[in-house]
Amino acid sequence: GDDSANVSESAIKLLDQKQTRSVSPDFNKLLLCLVIDTIGTSSELVPILGEVTDVAWAPIAGFALRSLYGSNVLFALEFAEEILPFTDILPLATICWVIDTFYYDSDVAKALGLGRQTIKLDTNDEVVIDVESNRNKPADDRKLSGKSN
């Protein structure tokens, strides 16, 4: 009856929003990511000195990525990538930009702490925010409106 019609209407609204959403890449952020990766990779050019400079660059690169994306997971990954020998070749910052820009609602993005929070309409046309910290709570606890069922 009415419930299934409301569910159908809500689903159609969400699909329409998803299809019409255009991605506008943040090219300034991409430039910063390319700089972070270029500096990290350039240390491989000088075999022994490069690994010594990585000790100084690892925390700087980690903090830079954390400030760009707000993710402690990325800080740890970037720090490990820079501090471990022969891993500097991985363009982690640029890969994160691609994931954050084009695959922001993927499981990989969520695992890395990237992406955007998704706002959904539930079956009662109430807004529900799906965030990591609320995943294990019942949907009723996540409603923004003060209505009770």
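Two residues are in contact when they have heavy atoms within 4.5 Å of each other. The model discussed here is predicted, so local features need pLDDT of at least 70 and side-chain atom pairs count only at pLDDT 80 or more, while totals for chains, interfaces and linings use all residues. Residues are numbered from 1 along each chain as its sequence is written, and side-chain values use heavy atoms, with hydrogens and water left out.

Leu 74 touches Leu 65, Tyr 69, Cys 96, Leu 112 and Leu 114, not counting residues up to four places away in sequence. Leu 74 is also among the residues with the most contacts inside the largest nonpolar core, together with Leu 65, Tyr 69 and Leu 114. Such a core is a set of buried Ala, Val, Leu, Ile, Met, Phe, Trp, Tyr and Cys residues joined through side-chain atoms within 4.5 Å; buried means under 20% relative accessible area, with a 1.4 Å probe and protein chains only. This core has 17 residues, and H2, H3, H5 and H6 each give two or more residues to it. Helices are DSSP runs (H or I, at least four residues), numbered from the N terminus.

Helix H5 (residues 92-102) is mostly covered, with 8 of its 11 residues buried. Among them are Cys 96, Trp 97 and Asp 100. The cover includes helices H2 (27-42), H3 (47-69), H4 (72-83) and H6 (107-112).

Asp 100 forms a salt bridge with Lys 29 (4.0 Å, N to O); the term requires a side-chain nitrogen of Lys or Arg within 4 Å of a carboxyl oxygen of Asp or Glu. Because Lys 29 lies in helix H2 and Asp 100 in helix H5, the pair ties together parts that are 71 residues apart in sequence. Lys 29 counts as buried at 18% relative accessibility, as does Asp 100 at 11%.

Key: Buried < 20%, exposed > 50% of the residue type's maximum accessible area, 1.4 Å probe, protein only.
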